[in-house]
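The following exercises examine a structure step by step.

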Amino acid sequence: MTASQDTIGQICKLLEPFNSTGKVLTPDTEISTDLNIDSVAVMDFVMEVEDHFDIEIPLNVVSETHSINDLAMVVDARTKKA
Amino acid sequence: MQMIDLLEKHKGIAERHARMMAMGVDAVGLTNDKILSPTRAVINGRETILAGTNNYMGITFDADCVRAGQDAMAEFGTGTTGSRIANGSYALHKELESELAKFLKRKHCIIFTTGYQANLGMMSGLAGPKDTIFLDADSHSSIYDGCALSGAKLVRFRHNDAADLDKRLARSEGEEGGRLVVVEGIYSMLGDRAPLADFVEVKKKYGFQLLADEAHSFGVLGPHGRGLADEAGLEDDIDFIVGTFSKSIGAIGGFGAGNHPLFETLRYAMRPYMFTASSSPASVATSLAAVRKLAAEPERRGRLGVNSARLFAGFKGLGLDLGCDTVSPVIAVKCADEISTIAMWNALLEAGVYVNIALPPGTPNRLCLLRCSVSAAHSFDDIDKIIALFGKVVASRAAA
């Protein structure tokens, strides 16, 4: 399944400050492994996503979210729910 | 089918560790060859000032505590060989729980074999899969691990930010299950304290249960040494407290305490309490003697405060960038990057002072820290030597 392009775009923008590798972000980019972002920084990034979309993404959900598309699908589901 | 090597995923860690080793001493595997006193060890053949031990009261060589441990070992043996819910509860364990409850002015206290297990036990005993735990972003790993063990929904709020907690509580309004909020008295990396009064205000608005981990503040803060809640005069607003024996108490173990009428039931709901061997008699007796010392010798706390203020002022005078603006026994110096932090840590050790090195992801905001912890047993001469060495090694590098 694919998340909305708009959500993916917004997430990529939020992720850029955490991306020190210079790699181009795509929906398939694995946030932690591809961008070499440690576990605490991933949680900090998700906090930014939560506040940007005004939704809650519990840590239990974060641990099952790997790619930008995975996270965008969580955001889509939770913004619709809201 | 090809086997996937389970350890392959740790290759990056091994490479990072090798880089650290190439720069000098193994900072995360340092060996104390001899411990001479609460503030001195022999490391690599050299007498070294210890300024990173969390030995806040400097009580580890106290004659009464040592004797209590020796007597208990002679009387009760070397170990209990069982858990608290089987054969591992001795009169000593009950006596320590009772003494601590009295010291903490709480109705109930349960001790654990380690401080780490105290958080594992309390988080997982209090919260279950239908509940939500709101934890400060800078929480200690034992809190994160305890939260994970609980199966509860986990929501992280911005460090020391009651307004951020408020926002996140509002987002989860209407959901089923109880809510537990977890804060710490003194945060172990930066030495700052939770703004407890602000969190209590949020608690009054939303009606959750509040737990304070006083690991670094127990024995240190408050007119009675009971921690941040004691200092802030807010003990009645804190439902549960967690603490450790491996800092101010100078032994090993941990505790949870509270006034809830069902608190004792946690003994049969906390796996990290139920399925591990209980504390050894020597450790329990040592802790018991130390708790009595905390109550009887408040001057230790006073001395710690004076020493902490002296080191804090000295570091400020050097123009060092510190973890927080409040004096506490945890004084962390922010450094530019990992490589220079490792180099400075080695230079400090070479010059005769041991401090903790703290690197991401073990630190908030990806900070690289040289973390000092002050002891009541440090002399002014020790403190001044630490300041002078930081001036020589750290401040001069920052200025260069």
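A salt bridge is a side-chain nitrogen of Lys or Arg within 4 Å of a carboxyl oxygen of Asp or Glu. This is a predicted model, in which local features need pLDDT of at least 70, side-chain atom pairs count only at pLDDT 80 or more, and totals for chains, interfaces and linings use all residues; side-chain values use heavy atoms, with hydrogens and water left out. Residues are numbered from 1 along each chain as its sequence is written, while chains are lettered from A and ligands numbered from 1 in the order in which they are written.

**Exercise 1. Determine which residues of chain B form salt bridges with A:Asp51.**

Solution. Step one: the side chain of A:Asp51 meets that of B:Arg171 in a salt bridge, at 3.0 Å from N to O. Step two: A:Asp51 also forms a salt bridge with B:Arg158, where the closest N and O atoms are 2.8 Å apart. Step three: the pair joins two chains, because A:Asp51 lies in helix H2 of chain A and B:Arg158 in the loop between strand E6 (153-157) and helix H6 (162-171) of chain B. Helices (H or I, at least four residues) and strands (E, at least two) are DSSP runs, numbered from the N terminus. In general, side chains of opposite charge can pair when their charged atoms come close.

**Exercise 2. Describe the interface of chain A and chain B.**

Solution. Step one: the contact (heavy atoms within 4.5 Å) takes 16 residues from chain A and 21 residues from chain B. Step two: about 1,500 Å² is buried between the two chains, 45% of it on carbon and sulfur atoms. Buried area is the accessible area (1.4 Å probe) that two parts lose on being put together, summed over both.

**Exercise 3. State how domain 1 and domain 2 of chain B meet.**

Solution. Step one: an automatic or database domain assignment supplies the bounds, giving domain 1 (10-50 + 298-399) and domain 2 (63-296) in chain B. Step two: the C-alpha centres of these domains of chain B lie 27 Å apart. Step three: 20 residues of domain 1 are in contact with 21 residues of domain 2. Step four: the two domains bury about 1,400 Å² between them, 60% of it on carbon and sulfur atoms, and the count of salt bridges between them is zero.

**Exercise 4. Which backbone features are found at B:Pro361 and at A:Asn36?**

Solution. Step one: recall that most residues other than glycine have a negative phi, and most peptide bonds are trans. Step two: a cis peptide bond, with omega about 5°, joins B:Pro360 and B:Pro361. B:Pro361 is placed in the loop between strand E13 (356-358) and E14 of chain B. Step three: A:Asn36 is not a glycine, yet has a positive phi of about 55°. A:Asn36 is located in the loop between helix H1 (5-15) and H2 of chain A.
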